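Colleague: Hi, could you walk me through this model? I'd like to start with the overall picture and then pick out some details.

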Amino acid sequence: MDHKAGFVNIIGNPNVGKSTLMNAFVGERLSIITSKAQTTRHRILGIVNGDDFQVILSDTPGIIKPAYEMQESMMNFVKSAFEDADILIYMVEIGEKDLKDEAFFNKIVHAKIPVLLLLNKIDNSNQEQLEEQVAFWTEKVPNAEIFPISALQNFNVPEVFSRIIELLPASPPYYPKDTLTDKPERFFVNETIREKILLNYNKEIPYAVEVETEEFLEDDDIIRIRSLIMVERDTQKGIIIGHKGAALKKVGIESRADLEKFFGKQIHIELYVKVNKNWRSNERQLKRFGYNQ
């Protein structure tokens, strides 16, 4: 068979650049990116198609020790990434020495599939530090091919992608060739709004928030969206809305700008805030929001 296809799953600690890499490979902003931990909550597929290949990339939550039900679900997404991978990308950054979970690390070291260890953010290092880090990870993960990269600057990213294509198994495509992702439009609306909340609010607020798009009506030249921002407490609702609604309005304006770029259409967006007590520890609520699947 002349055609290649396979699943390439990206794992690593929080904030090492997994989402930046995924978006660089796909050429679209599928995964939200902020400097805050736990930005990615779900497993998101990005699909890159060529005439004779299909690369199905999977961005996963950063590996943490779960503290509540939602984080348990996030780590289940990471576990599933080991089960269907044809190629595993283990992403670390300059100066990093270990994975947050030893069991995950053992799975990487004993993986029976190709492992690419990407040493990210090398633009923040010098040659001596880079050589020391390459030697460290060569000893720590002897089964991996190591690539120093800068996902943000796109340094060495095309070379990694070329190596991925070389390693892909022969297979027909798993998805139609015009497919970009496995997620519906509403998912990206929710994620865009959540990104703006991560960027505009501090402390616990971003982590207590879930977004649900209740209406997505698409016409030829405009998409009308109504989304609900859920928080866990009344005090959080007040903070999200802000004085005279100014904070919520800012989230709406910034979300609309990004969504107009993403969908290539005019966007009309309405945002509401509702208290949904302790949703992060409620199994029924987590299932409703796409966790615990």
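Modeller: Happy to; what follows goes from the whole chain to single residues.

Modeller: This is a predicted model, so to speak: local features need pLDDT of at least 70, side-chain atom pairs count only at pLDDT 80 or more, and totals for chains, interfaces and linings use all residues. Residues are numbered from 1 along each chain as its sequence is written, and side-chain values use heavy atoms, with hydrogens and water left out.

Colleague: How many helices and strands are in the protein chain?

Modeller: The chain has nine helices and nine strands. Helices (H or I, at least four residues) and strands (E, at least two) are DSSP runs, numbered from the N terminus.

Colleague: And what share of the residues is buried?

Modeller: Buried residues account for 52% of the 293 in the chain. Buried means under 20% relative accessible area, exposed over 50%, and partly exposed in between (1.4 Å probe, protein chains only).

Colleague: Which residues touch the most other members of the largest nonpolar core?

Modeller: That core has 27 residues, and L21, F25, V55, I89, L118 and I164 touch the most other members. At least two core residues come from each of β1 (4-12), α1, β2 (44-50), β3 (53-59), β4 (87-93), β5 (115-120), α5 and α6 (185-200). A second, separate core of 21 residues includes I223, L259, F263 and L271. A nonpolar core here is a set of buried Ala, Val, Leu, Ile, Met, Phe, Trp, Tyr and Cys residues joined through side-chain atoms within 4.5 Å.

Colleague: What is I89 in contact with?

Modeller: Leaving aside neighbours within four places in sequence, I89 meets V8, N9, I10, I11, L21, F25, L116, L118 and I164. Contact means heavy atoms within 4.5 Å.

Colleague: Switching to helix packing: how do α1 and α5 cross?

Modeller: The axes of α1 (residues 18-26) and α5 (residues 157-167) come within 11 Å and cross at roughly 75°. The two helices are therefore roughly perpendicular to each other. L21, A24 and F25 of α1 make the contact with V157, V160, F161 and I164 of α5. Those residues divide into seven nonpolar, no polar and no charged.

Colleague: What cut-offs sit behind those words?

Modeller: Axes are lines fitted to C-alpha atoms, for helices over the stretch in contact, and angles run from 0 to 180 degrees between N-to-C directions. Under 35 degrees counts as roughly parallel, over 145 as roughly antiparallel, 65 to 115 as roughly perpendicular and the rest as oblique. Ala, Val, Leu, Ile, Met, Phe, Trp, Tyr, Cys and Pro count as nonpolar, Asp, Glu, Lys and Arg as charged, and the others, Gly among them, as polar.

Colleague: Which residues of α7 and α8 meet?

Modeller: I239, I240 and I241 in α7 meet A246, A247 and L248 in α8. This contact divides into six nonpolar, no polar and no charged residues. The axes of α7 (residues 234-241) and α8 (residues 246-263) come within 5 Å and cross at roughly 65°.

Colleague: Last one: is S227 buried or exposed?

Modeller: S227 is buried, with a relative accessible area of 0%. S227 lies in strand β8 (residues 222-231), and its C-alpha is 5.7 Å from that of E212, 15 residues apart in sequence.
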